[in-house]
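Please consider the sequence and the structure below together. The paragraphs that follow lead through them step by step.

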Amino acid sequence: MNTKNLPKIELHCHIDGSIRPSTIFELLQKENIKVAANTLNEFNRYVRAPKKCSSLIEYLDRFEYPNLVMQSKENLERITFEVMEDAAKENVKYIELRFAPLLHLKKGLTFDEVIESVLLGIKKAQAKYEIFGNLILCLMRHESIENSLSVVEQGRKFIERGVVAIDLAGNEHDFPPEIHKEAFDRAKEYGYHITVHAGETGKYENITKSIELLHAERIGHGVNAKDDLNTLNSVIDNSIALEMCPTSNIQTKAVDTYENHPSKMFLDKKVLVTLSTDNRTVSNVTLTDEFNTLSKYSNYSKADFKQVFINSNNASFASSEIKLKLKKFIDDYK
Ligand SMILES: O=c1[nH]cnc2c1ncn2[C@@H]1O[C@H](CO)[C@@H](O)[C@H]1O
Ligand SMILES: [Zn+2]
């Protein structure tokens, strides 16, 4: 099976975790920001996480350098364009990119400038390649509720201009979902779609909390649903799609081996499994790599990948017009 040629949909891809290392290195040098590396090869270890980290916290350390170069309009636009370009070149036809806008206000950009630059990068990539993109705004778990509310408020005017949803990302171990309930209530009221990282660091109860308290329509990862039948049933009964990212899950110790990753077991139980990279650079992975790994270790067949494409299209936050266009690619799985 040539997995690269298969049309794909990616619903869970962090922009800051997916910048080409060569671009980060080049921009750091251009902006005279000190790096403890002389060559790109040496630099890689600062932006790629080890195959196994001690925890999600160590994995999240790799976002420091990317953030330093995501503080100008030009850089934000270029970086976003390149992530879309890399995805398009491996036949990703639709991608939902995500990032936390408040992390990019350190050198004077306004909130609107940050969002507009990223949307421009998406627009330019759409014009050049056969790919569509939309944007998800991440609230960070360790941040204050005031900050979360401010993202929801300031992002509102971009709904239907490329921003489609609100997410909750960061350290799940120490910051449970309910802290940000008010922001998610407001997001729902304003018409954002909602996805939440949950069940990545051992706490399956965060999955039901995210569905019941934060109005999640999709769950980022959700691997811990394998540990509790009620949780898994709640995911199935509420038609919640899981955005699963096997390599990232192994790095963060959500799962110990590829063989034990639950995506195929969930798929066989008719859970709405979707597949993504999470962070193309931090996890050093493409979506094609993930497909290859899954066919090798979890026995994914072409029919399984077709089901994943269908699940992804149904669960995407794209307009019905784009969903209809994406439907045509299902025929390529015959
Ligand atoms: O797998 C993950 N789990 C939780 N948070 C994450 C993951 N990957 C990235 N981020 C966090 O999301 C922020 C916005 O893109 C990143 O800066 C990173 O801190
Ligand atoms: Zn993520």
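A residue is taken to be near a molecule if its C-beta atom, placed from the backbone, lies within 6 Å of that molecule. In this predicted model, 18 residues surround ligand 1, and the closest are H14, F63, A100, C138 and A169. Two elements, helix 3 (56-60) and strand 2 (92-99), each give two or more residues to this shell. Sorted by class, the shell around ligand 1 contains eight nonpolar, six polar and four charged residues.

Helix 10, which spans residues 229-237, may be examined next. Its buried residues are T231, L232 and V235. These lie on the same side of helix 10, because they cover an arc of only 100° around the axis.

Most residues other than glycine have a negative phi. After helix 10, however, comes S239, with a positive phi near 50°. H215, in the loop between helix 9 (205-212) and strand 6 (218-221), has a phi near 65°. H215 counts as partly exposed because it has 18 C-beta neighbours inside 10 Å. N299 likewise has a positive phi, of about 60°, although it is not a glycine; N299 is found in the loop between helix 13 (287-297) and helix 14 (302-315). Is N299 buried or exposed? With 9 other C-beta atoms within 10 Å, N299 is exposed.

Note on methods
Residues are numbered from 1 along each chain as its sequence is written. Chains are lettered from A and ligands numbered from 1 in the order in which they are written. This is a predicted model: local features need pLDDT of at least 70, side-chain atom pairs count only at pLDDT 80 or more; totals for chains, interfaces and linings use all residues. Helices (H or I, at least four residues) and strands (E, at least two) are DSSP runs, numbered from the N terminus. A residue is buried if 20 or more other C-beta atoms lie within 10 Å of its own, exposed if 12 or fewer, and partly exposed in between; C-beta atoms are placed from the backbone. Ala, Val, Leu, Ile, Met, Phe, Trp, Tyr, Cys and Pro count as nonpolar, Asp, Glu, Lys and Arg as charged, and the others, Gly among them, as polar. The arc is that of the directions from the helix axis to the C-beta atoms.
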